[in-house]
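Welcome, and thanks for taking a look at this model with us. Please have the sequence and the 3D view side by side as you read.

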Amino acid sequence: MVSIRPATTADCPAVAVIYGHYVEHTVATFDYEAPTVDHWEAKLAAINAADRPFVVAVDDADGTGDAAVIGFAYLSSFRDKKAYAWTAEDTIYLDPDAGGRGIGGALLGALIEAADPANVRQMIAVIAATGGEASVALHAKHGFVEVGRTPAVGYKFGQWIDCIYMQRALP
């Protein structure tokens with residue numbers, strides 16, 4: 001059974017492994033080197049301090065209570081300038097074997113539900129156009145609309161990659 005809950009520091013090693021896969025094998029992230037567990041612990045602390053959600057999907061398929069982290073999502077700052085303080089960028093990654101089960105949608109829904117309207121009015125998704133079709137569809141299903149595209153802004157694995165910007169207002 002899959003459930004969504006707030007992330008803890010104990011989840012950071014699994015988060016690092018999941019994200020590391022995307023760094024090493026895809027253009028979904030423009031990182032060239034996978035961040036360390038320490039990096040993820042600091043990111044979790046910063047997101048919690050900003051009163052923004054950082055959640056994980058856990059799967060207790062065998063019913064033992066020893067649930068494995070199979071995905072994560074969080075809301076971070078969109079930009080550092082003060083005027084952007086009420087705009088958040090969402091990030092969602094799944095274990096490569098966890099796709100197609102609705103987990104990404106559950107994670108995005110949890111972010112939308114947990115976002116505090118006192119500090120998040122707009123959510124932005126920045127999606128690599130190459131291979132990002134599922135992410136575009138996921139965001140559209142949750143009320144995001146495409147608001148722009150930046151051509152050839154990322155370079156990874158010998159190719160230039162466009163980014164698609166999608167946005168959703170929160171009530």
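Please keep in mind that the model is predicted.

**How the two helices pack**

- Two packed helices are described by the angle between their axes and the distance between the axes.
- Here, helix 1 (residues 12-25) packs against helix 2 (residues 37-49) at an angle of about 110 degrees, and their axes are 9 Å apart. Because angles of 65 to 115 degrees count as roughly perpendicular, helix 1 is roughly perpendicular to helix 2.
- As for handedness, helix 1 and helix 2 make a right-handed crossing.
- On the helix 1 side, the contact involves C12, P13, V15, A16 and Y19, and their partners in helix 2 are V37, W40, E41 and L44. Sorted by class, this contact of helix 1 with helix 2 has 8 nonpolar residues, 1 charged residue and no polar ones.

**Helix 1 and what covers it**

- The buried residues in helix 1 are C12, V15, A16, I18, Y19, G20, Y22 and V23.
- As a reminder when you look down the helix, an α-helix has 3.6 residues a turn, so residues three or four places apart point the same way.
- The cover over the buried residues of helix 1 includes helix 2 along with strand 2 (54-59), strand 3 (68-77), strand 4 (87-94) and strand 6 (145-156).

- A14 and A49 are 35 residues apart along the chain, and their C-alpha atoms are separated by 21 Å.

**Two loop residues with positive phi**

- D51 is found in the loop between helix 2 and strand 2. Its phi is near 60 degrees, which is a positive value in a residue other than glycine. D51 counts as partly exposed, at 47% relative accessibility.
- F157 belongs to the loop between strand 6 and strand 7 (159-169). Although F157 is not a glycine, its phi is positive, at about 55 degrees. With 49% relative accessibility, F157 counts as partly exposed, because exposed would mean over 50%.

Technical notes. Residues are numbered from 1 along each chain as its sequence is written. This is a predicted model: local features need pLDDT of at least 70, side-chain atom pairs count only at pLDDT 80 or more; totals for chains, interfaces and linings use all residues. Side-chain values use heavy atoms; hydrogens and water are left out. Axes are lines fitted to C-alpha atoms, for helices over the stretch in contact, and angles run from 0 to 180 degrees between N-to-C directions. Helices (H or I, at least four residues) and strands (E, at least two) are DSSP runs, numbered from the N terminus. Angles under 35 degrees count as roughly parallel, over 145 as roughly antiparallel, 65 to 115 as roughly perpendicular and the rest as oblique. A crossing is left-handed if the near helix is turned anticlockwise from the far one by less than a right angle, and right-handed if clockwise. Contact means heavy atoms within 4.5 Å. Ala, Val, Leu, Ile, Met, Phe, Trp, Tyr, Cys and Pro count as nonpolar, Asp, Glu, Lys and Arg as charged, and the others, Gly among them, as polar. Buried means under 20% relative accessible area, exposed over 50%, partly exposed in between (1.4 Å probe, protein chains only).
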